[in-house]
Protein chains: 4
Amino acid sequence: MSEKLNLACDYMQGAHPAILKRMAENNLVKSGVYGYDAFSDSAKAKIREACQAPDADIWFLVGGTQTNATVLDAVLAPYEGVISAETGHICIHEAGAIEHGGHKVLALPGTDGKITAEQIQACIDKYWSDGNHEHVVMPGAVYLSQPTEVGTLYSLQELEDISRICHHGGLRLYVDGARLAYALACPENDVTLPDLARLCDVFYIGGTKCGSLLGEAVVFPKRAIPHFFSIVKQHGAVLAKGFVAGLQFDTLFTDNLYFEIGRTGIDTANRIRQTLQGKGYILPFNSPTNQIFVLLDQTKLDELSEKIEMSFWDKPDAEHTIMRFVTSWATTEEDVEGLKLLL
Amino acid sequence: MSEKLNLACDYMQGAHPAILKRMAENNLVKSGVYGYDAFSDSAKAKIREACQAPDADIWFLVGGTQTNATVLDAVLAPYEGVISAETGHICIHEAGAIEHGGHKVLALPGTDGKITAEQIQACIDKYWSDGNHEHVVMPGAVYLSQPTEVGTLYSLQELEDISRICHHGGLRLYVDGARLAYALACPENDVTLPDLARLCDVFYIGGTKCGSLLGEAVVFPKRAIPHFFSIVKQHGAVLAKGFVAGLQFDTLFTDNLYFEIGRTGIDTANRIRQTLQGKGYILPFNSPTNQIFVLLDQTKLDELSEKIEMSFWDKPDAEHTIMRFVTSWATTEEDVEGLKLLL
Amino acid sequence: MSEKLNLACDYMQGAHPAILKRMAENNLVKSGVYGYDAFSDSAKAKIREACQAPDADIWFLVGGTQTNATVLDAVLAPYEGVISAETGHICIHEAGAIEHGGHKVLALPGTDGKITAEQIQACIDKYWSDGNHEHVVMPGAVYLSQPTEVGTLYSLQELEDISRICHHGGLRLYVDGARLAYALACPENDVTLPDLARLCDVFYIGGTKCGSLLGEAVVFPKRAIPHFFSIVKQHGAVLAKGFVAGLQFDTLFTDNLYFEIGRTGIDTANRIRQTLQGKGYILPFNSPTNQIFVLLDQTKLDELSEKIEMSFWDKPDAEHTIMRFVTSWATTEEDVEGLKLLL
Amino acid sequence: MSEKLNLACDYMQGAHPAILKRMAENNLVKSGVYGYDAFSDSAKAKIREACQAPDADIWFLVGGTQTNATVLDAVLAPYEGVISAETGHICIHEAGAIEHGGHKVLALPGTDGKITAEQIQACIDKYWSDGNHEHVVMPGAVYLSQPTEVGTLYSLQELEDISRICHHGGLRLYVDGARLAYALACPENDVTLPDLARLCDVFYIGGTKCGSLLGEAVVFPKRAIPHFFSIVKQHGAVLAKGFVAGLQFDTLFTDNLYFEIGRTGIDTANRIRQTLQGKGYILPFNSPTNQIFVLLDQTKLDELSEKIEMSFWDKPDAEHTIMRFVTSWATTEEDVEGLKLLL
């Protein structure tokens with residue numbers, strides 16, 4: 001409700017209008033509860049098709065941290081930890097939810113938010129070659145996000161390599177797709193939903209940041225987890241009105257809406273990036289998706305902060321700050337043009 | 001989406017139309033996130049006023065099990081357990097979420113879903129008089145629900161007595177108000193929101209079963225829990241688009257909508273109860289709220305099941321089954337009249 | 001260090017002299033650590049032979065609660081609970097250690113501390129026949145103790161029945177043998193170590209109450225738990241000087257010492273029981289092992305308490321108290337004869 | 001039981017002979033259980049005196065990982081993590097026991113196993129200056145060990161600085177003294193027991209590696225933790241025969257035995273260090289205590305490994321290995337002279 005031009009994040013507005021319209025139309029329909037309803041069934045069928053994964057087991061949870069904590073608890077043995085980039089969301093911004101569930105996050109230094117198959121292999125090798133490894137947390141899974149925390153993308157080749165290493169080493173590969181729509185719609189991206197289904201043990205298709213009020217679609221493309229409902233329930237992650245999430249994903253996966261949402265985010269982001277580059281701003285990460293990072297000195301920061309709501313990212317030195325603009329399905333022509341005038 | 005008359009539960013439809021309308025009107029408003037937004041602020045102010053608790057600390061979580069697990073984890077020391085009726089929701093229907101959080105549920109046998117101040121006192125006394133009590137789980141909180149799991153109500157006197165026992169014994173009193181609207185609107189009820197705020201350490205005002213898409217409003221009437229946001233986050237219970245819950249509670253607490261919703265549920269329930277009693281059905285619990293329990297023999301069960309969606313409750317003996325009808329803000333004249341014809 | 005005749009428990013003295021002697025002889029031997037040493041290897045070989053379980057996987061933990069919590073955590077899925085008699089040690093006297101590990105204890109009412117195959121079957125059936133069972137804690141294991149908390153014994157037939165029910169229902173059977181020596185040496189007992197190895201998924205042979213300074217030998221007769229060392233370590237249950245436990249069990253299983261220890265406990269207990277019965281005391285439980293329960297009125301309680309250290313058990317009514325005498329490997333002729341004079 | 005000269009660690013032999021003698025003398029004494037006994041009371045009085053902390057609350061636990069996990073769980077709020085050097089025992093060698101208890105270990109890079117007050121302050125500042133700190137794990141305690149994992153020592157000045165930072169920032173300071181005897185006896189050391197009592201919120205005096213069969217003495221010099229017994233019990237860390245630990249600490253703190261044990265370890269270590277330096281070996285860490293690290297090329301490693309049991313420490317590059325010798329109270333003149341001949 002700010003008067004300033006607001007480009008601070010991709011979850012500050014409601015749902016894509018197509019979703020809200022459909023919710024209104026079906027508001028009084030009496031549905032099954034806890035996710036056992038016709039909207040959810042339909043959404044799952046569409047996601048299975050989009051992933052070319054006819055046997056996939058699919059669940060709709062509410063939010064990202066909840067999903068990460070629940071899924072990792074479900075796929076890790078108690079003595080296993082999860083490998084993540086140091087900048088990974090689970091490593092820094094989930095208030096210790098993974099550790100609260102009993103698992104260590106094994107942090108690896110990343111480059112532009114990404115870790116490599118070689119690093120993962122080295123971490124696995126270090127564990128097994130350690131004479132005291134029974135006293136050490138065993139790597140049990142790899143957590144990636146696509147796009148990453150700083151908006152970068154894993155290439156198909158990188159993901160193939162990581163997947164091979166994981167499966168050879170007995171680790172589960174989990175991809176957090178909180179902003180997956182913006183990856184899928186990005187020209188630089190060569191990883192499709194069927195690729196994710198083929199290469200991961202589990203991944204989630206983000207709803208909250210990609211057009212829905214809430215909801216993340218967890219996909220186990222190959223193997224369902226026994227009694228996963230009870231695990232979800234135990235984590236407080238079952239939505240009583242599961243159809244609210246189901247209907248939204250059903251809409252997102254109808255008529256390519258999910259991909260269209262991604263495109264709007266990418267198109268507006270690219271125009272903002274071009275404007276910034278044209279005006280000589282420094283863009284620190286190589287992010288081609290809907291997050292645009294910009295390095296500002298104190299004068300410029302003060303100036304822009306008066307007119308624009310951005311989000312703080314980092315302070316690499318005393319004189320500079322990295323700020324972030326984020327676009328979404330809801331970013332408008334006016335937002336982009338307005339920003340041009342203010343920069 | 002069944003063709004049968006469906007009275008199975010109070011969370012099988014969307015939101016009260018007033019909520020959906022307001023969501024549509026504000027869909028593109030850019031709000032603060034994680035619950036720090038104007039809708040949430042306004043909702044909290046209205047709830048504080050309705051509770052006559054100007055200093056109350058209020059949080060919007062997503063669902064009931066999540067709320068129970070998060071709140072109990074926040075108010076219990078690690079070595080403390082929570083007293084509950086054996087029929088309490090946390091005791092039987094949350095897949096062990098409380099134990100998953102490390103706390104024992106100390107189950108007491110109830111009468112019509114209720115436990116008494118005397119029972120609680122006896123439980124406390126038993127702990128402290130046990131020579132080995134350092135080896136025993138300490139009672140640290142009491143969990144009640146209003147209405148209870150079987151739709152009955154604590155009277156103000158009962159709640160005063162329990163509150164006094166709790167505070168004298170150093171236990172926190174927590175009331176689960178998943179269906180609180182239906183208690184508040186019930187003629188038999190003499191416990192108001194200000195009473196709850198006065199007598200409890202924490203309680204929640206249910207949204208999911210009382211007109212919203214999702215959301216439960218946790219009220220700490222007297223004392224905030226330090227760093228509660230991080231606790232909520234750690235439980236995966238922070239809603240990124242917190243304004244979605246805030247707007248709904250803001251609407252529920254505007255123009256007495258929450259109480260009106262309760263009244264619709266109670267009025268329709270009472271008419272169904274009268275019909276049932278008039279036709280000679282046996283109603284096993286003394287529930288005056290929006291859940292109506294009915295004892296059926298096998299013939300009657302088979303007959304009604306063909307035409308009506310009810311929910312299974314219990315099977316007290318080989319020949320009888322207790323089934324449940326539930327009304328809500330969305331139960332219509334047609335539902336009630338239709339049921340009359342089918343009974 | 002009391003002047004009174006002390007029969008309060010079976011863990012108030014050091015180790016059987018044969019153990020202490022052997023510890024002194026080997027005190028400066030340089031051994032492998034964390035349980036990987038020659039004493040432990042020898043002890044395991046002897047236990048495997050005593051159990052006629054050549055493939056058994058055996059571990060030495062320190063104490064009973066630690067063992068119960070670690071083993072149950074290792075054999076239960078996160079969503080599973082453990083069935084126990086209401087009087088079971090894990091249910092009442094472990095300060096909630098099982099729930100601290102995330103698992104609900106599913107308490108069944110017992111008779112003389114025992115539960116039956118029928119009760120267990122009913123509990124399993126109730127879970128699976130419940131339409132909402134995904135919301136309910138799944139029974140995943142059965143916890144028994146032999147002897148039970150009140151000194152009674154499961155017969156071989158009872159254990160066979162329970163084992164069959166468990167394995168048919170997919171539950172793991174776990175027997176806590178904290179006082180197993182006293183069961184094995186009891187004339188009423190017909191359950192041998194090979195029977196336990198045949199019928200259980202895991203059990204432990206108690207050391208602490210049966211002659212050692214500390215230590216419980218966990219036996220997985222059929223299938224080892226992968227990475228159990230790391231699980232034990234994570235529970236803080238690895239003893240750095242594992243050879244201290246190994247040497248003690250090696251001694252206990254040399255020349256039938258474990259059985260001889262049991263016999264001393266049983267013989268002295270039987271003589272005390274006969275004396276009590278001869279003098280008209282009421283012995284409330286049907287305990288044939290090394291715990292002797294006696295019902296006392298207030299006058300008698302006061303009188304005996306002046307001269308004898310017993311342990312408090314229960315207070316069934318305002319006028320009566322149940323007290324407990326316990327014998328052990330260390331109970332002497334003087335203790336028994338002294339007690340006769342004081343009763 | 002190896003034929004090779006064994007200097008691999010300081011917990012491969014039994015107890016100091018004075019302890020074993022006293023255990024034998026008191027073996028049949030009937031004591032209170034669970035730590036409530038005269039030996040424990042006496043030991044606590046002596047430790048309070050040695051620490052000049054008359055109000056200290058003291059507990060005897062069994063082992064180091066157990067102690068670290070139990071103490072940190074007791075002093076941390078659920079949303080708090082613990083700062084540690086990356087090389088800290090809790091960070092690498094406890095199989096994730098701290099995370100299993102729900103807490104993140106906040107690892108800082110160390111120098112020779114030590115972290116500084118400045119680093120800790122920076123970590124605290126980073127948390128509080130982060131606009132999203134509610135989403136981040138709050139630093140709640142600092143974990144140090146004295147000596148550190150690589151045998152180095154915090155100076156009194158360093159500890160004063162860290163203590164001041166901790167208390168100013170609201171963090172608890174916890175010192176792991178698994179090998180404390182060897183620090184206290186080291187000429188380079190200027191930190192006394194009364195210093196630790198003055199500067200820490202909690203620390204432990206190691207027994208297992210300093211002459212006892214088992215046992216660590218946890219000292220809360222200023223403030224007891226309410227219901228700590230139940231917390232210890234819940235972690236499976238209560239020793240039934242608590243007097244076994246009490247008697248050992250009572251002996252260790254009689255006639256300066258604990259300090260004498262330390263001196264033996266230091267004297268023998270220093271002689272080994274001098275020999276190594278005289279022969280031109282490279283000693284990588286600046287460790288003045290009972291652990292001696294030595295950098296070996298492959299030829300030398302192979303040669304020494306044939307004759308000496310050392311422990312593996314690290315492999316800094318393909319051609320070199322860091323191995324460790326450890327001395328203790330039990331290291332003899334023969335060990336030292338024998339080693340001289342083999343090097």
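This is a predicted model: local features need pLDDT of at least 70, side-chain atom pairs count only at pLDDT 80 or more; totals for chains, interfaces and linings use all residues.
**Entry 1: how the copies meet**

Next I looked up how chain D is placed relative to chain C. A rotation of 180°, with a shift of 0.0 Å along its axis, superposes chain D on chain C at an RMSD of 0.0 Å. I wrote this down as the relation of a two-fold axis.

**Entry 2: a sheet in chain A**

I moved on to a sheet in chain A. What is the order of its strands? I read it as β9-β12-β11, an open sheet of three strands with antiparallel pairing. The edge strands are β9 (291–297) and β11 (311–317) of chain A, each of which pairs on one side only. From one strand to the next, I noted a twist that averages 25°.

I wanted some detail on one pairing, and picked β11(A) with β12 (residues 320–326) of chain A. These two strands pair in the antiparallel sense over four bridges. For Asp317(A), I found the bridge partner in β12(A) to be His320(A).

Which strands does helix α12 of chain A touch? I found that α12 (residues 257–278) packs on the sheet and touches β9 and β12 of chain A. The direction of α12 makes about 25° with that of β9(A).

I also checked helix α13 (residues 298–307) of chain A, which lies across β9 and β12 of chain A. Helix α13 runs at about 125° to β9(A).

**Entry 3: Ser328 in chain D**

Last, I zoomed in on one residue. Ser328(D) sits in the loop between β12 (320–326) and α14 (333–342) of chain D. Is Ser328(D) buried or exposed? I counted Ser328(D) as buried, because 26 C-beta neighbours lie inside 10 Å, and the cut-off for buried is 20 or more.

Who are the contacts? Leaving aside residues up to four places away in sequence, Ser328(D) touches Asp10(D), Gly265(D) and Asn290(D). I also looked at Leu7(D), which is 321 residues apart from Ser328(D) along the chain. The C-alpha atoms of these two residues are separated by 9.1 Å.

How values were computed: Residues are numbered from 1 along each chain as its sequence is written. Chains are lettered from A and ligands numbered from 1 in the order in which they are written. A residue is buried if 20 or more other C-beta atoms lie within 10 Å of its own, exposed if 12 or fewer, and partly exposed in between; C-beta atoms are placed from the backbone. Two residues are in contact if their C-beta atoms, placed from the backbone, lie within 7 Å. Two strands pair if DSSP finds at least two bridges between them. Axes are lines fitted to C-alpha atoms, for helices over the stretch in contact, and angles run from 0 to 180 degrees between N-to-C directions. Copies are superposed by least squares on the C-alpha atoms of residues with pLDDT of at least 70 in both.
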